[in-house]
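Here is a structure to look at together, one question at a time. Please have the sequence and the model at hand before reading on.

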Amino acid sequence: MNNFDFSLQKDFKLREATRLTFSADFFNLPNHPEFAEPNADPEISNFGSISRTALPNRIVQLGLHLYF
């Protein structure tokens, strides 16, 4: 399975005891498809074809946290 997840985080100090944290998480960053197994039911019309992927497409999650 070819899967690469990546995360970035940056802290910003606003005041003495207050800080802001920005984070970005990337799941399946290069967006490589991992194909699922082919259809194995010989009674359906698309027997033997691969019609889906095993993993979801690229997902980006952003976060902003304020600590005080």
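Q: With which residue does the side chain of Asp25 make a polar contact of 2.6 Å?
A: In this predicted model, Asp25 lies in strand β2, which covers residues 19–27. Leaving aside residues up to four places away in sequence, Asp25 touches Phe6, Ser7, Ile59, Val60 and Gln61. Among these neighbours, the one whose side chain is joined to that of Asp25 by a polar contact of 2.6 Å is Ser7.

Q: How far from Asp25 is the nearest side chain of opposite charge?
A: Asp25 is buried and yet has no salt bridge. A salt bridge would need a side-chain nitrogen of Lys or Arg within 4 Å of a carboxyl oxygen of Asp or Glu. For Asp25, the nearest side chain of opposite charge belongs to Arg58, at a distance of 13 Å.

Q: Which strands are the edge strands of the sheet?
A: The open sheet is formed by three strands in the order β1-β2-β3, with antiparallel pairing. An edge strand here pairs on one side only, and this holds for β1 (6–13) and β3 (59–67).

Methods. Residues are numbered from 1 along each chain as its sequence is written. This is a predicted model: local features need pLDDT of at least 70, side-chain atom pairs count only at pLDDT 80 or more; totals for chains, interfaces and linings use all residues. Side-chain values use heavy atoms; hydrogens and water are left out. Helices (H or I, at least four residues) and strands (E, at least two) are DSSP runs, numbered from the N terminus. Buried means under 20% relative accessible area, exposed over 50%, partly exposed in between (1.4 Å probe, protein chains only). Lys and Arg count as positive and Asp and Glu as negative; His and the chain ends are not counted. A polar contact is a pair of N or O atoms within 3.5 Å; within protein, one must be able to donate a hydrogen and the other to accept it, and residues adjacent in sequence count only if both atoms are side-chain atoms. Contact means heavy atoms within 4.5 Å. Two strands pair if DSSP finds at least two bridges between them.
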